[in-house]
Amino acid sequence: MADFLSSWAHNFNLWLAIGFLGQGIFASRFIVQWWFSEKAKRVVVPTVFWWLSLFGGLTLTVYAIHKRDLVFTLGQFSGLFIYSRNLWLLPIGLLVFKEKPLPRHWVGVIAAFVGTLLLLSSEFTKLAGSPL
């Protein structure tokens, strides 16, 4: 076990940190959903659940592309359509359930974050023909 952990310590880099960040964001959506459900004393899927799904899924998709893992990439990428569609439908649900949405400017924040990750990825710069 010590050898396994020491190999991680020697190989830790920015991409591993991005992968852990994405996994943390993605996994936190269940904790948030559980907390909202406990508070309401019924099953609730709050707006923030879908934002965490999208943000974590985007981060993990970029990480999977960097790792060149087709199964991981397709698995994460396919979920992005569902999360995006649910966020698109959200204003309709908000009218029915009276839940406050995450402010719209967060879409720009998320887009900027993902754009930064894409620029960092050597695979994306090669695909775009960038001299970076």
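The model is predicted: local features need pLDDT of at least 70, side-chain atom pairs count only at pLDDT 80 or more, and totals for chains, interfaces and linings use all residues. Residues are numbered from 1 along each chain as its sequence is written, and side-chain values use heavy atoms, with hydrogens and water left out.

**The chain as a whole**

The chain holds six helices and zero strands. Here helices (H or I, at least four residues) and strands (E, at least two) are DSSP runs, numbered from the N terminus. Read from the N terminus on, the order of the elements is α-α-α-α-α-α.

Confidence is given as pLDDT, the predictor's confidence in each residue, from 0 to 100. The chain has a mean pLDDT of 77, and 61% of its residues reach 70 or more. Among the elements of the chain, H3 has the highest mean pLDDT (91), while helix H6 (residues 122-128) has the lowest (54).

Of the 132 residues of the chain, 32% are counted as buried. Buried means under 20% relative accessible area, exposed means over 50%, and partly exposed lies in between (1.4 Å probe, protein chains only). A contact means heavy atoms within 4.5 Å. Among contacts between residues at least 6 apart in sequence, 65% join residues at least 24 apart.

**Helices H2 and H3**

Two packed helices are described by the angle between their axes and the distance between the axes. For helix H2 (residues 14-40) and helix H3 (residues 47-67), the axes come within 8 Å and cross at roughly 160°. Axes are lines fitted to C-alpha atoms, for helices over the stretch in contact, and angles run from 0 to 180 degrees between N-to-C directions. H2 and H3 are therefore roughly antiparallel to each other. Angles under 35 degrees count as roughly parallel, over 145 as roughly antiparallel, 65 to 115 as roughly perpendicular and the rest as oblique.

By class, the contact of H2 with H3 has 15 nonpolar, ten polar and one charged residues. In this scheme Ala, Val, Leu, Ile, Met, Phe, Trp, Tyr, Cys and Pro count as nonpolar, Asp, Glu, Lys and Arg as charged, and the others, Gly among them, as polar.

**Residues in the helices**

Phe20 has its place in helix H2. With a relative accessibility of 43%, Phe20 counts as partly exposed.

Phe36 counts as partly exposed, at 30% relative accessibility. Leaving aside neighbours within four places in sequence, Phe36 is in contact with Val44, Pro46 and Val48. From Phe36 to Pro46 the C-alpha to C-alpha separation is 7.0 Å, with the two residues ten apart in sequence.

Thr73 is found in helix H4 (residues 70-97). Thr73 is buried, its relative accessible area being 13%. Not counting residues up to four places away in sequence, Thr73 touches Ala64 and Ile65.

**Residues in the loops**

Val45 has its place in the loop between H2 and H3. Its relative accessible area is 41%, so Val45 is partly exposed. The C-alpha atoms of Val45 and Val32 are separated by 8.9 Å, and these residues lie 13 apart along the chain.

Most residues other than glycine have a negative phi. Lys41, in the loop between H2 and H3, has a positive phi of about 60° although it is not a glycine. Arg68 lies in the loop between H3 and H4, and has a positive phi of about 60° although it is not a glycine.

The table lists the relative accessibility of these two residues.

| Residue | Relative accessibility | Class |
|---|---|---|
| Lys41 | Lys41: 72% | Lys41: exposed |
| Arg68 | Arg68: 60% | Arg68: exposed |
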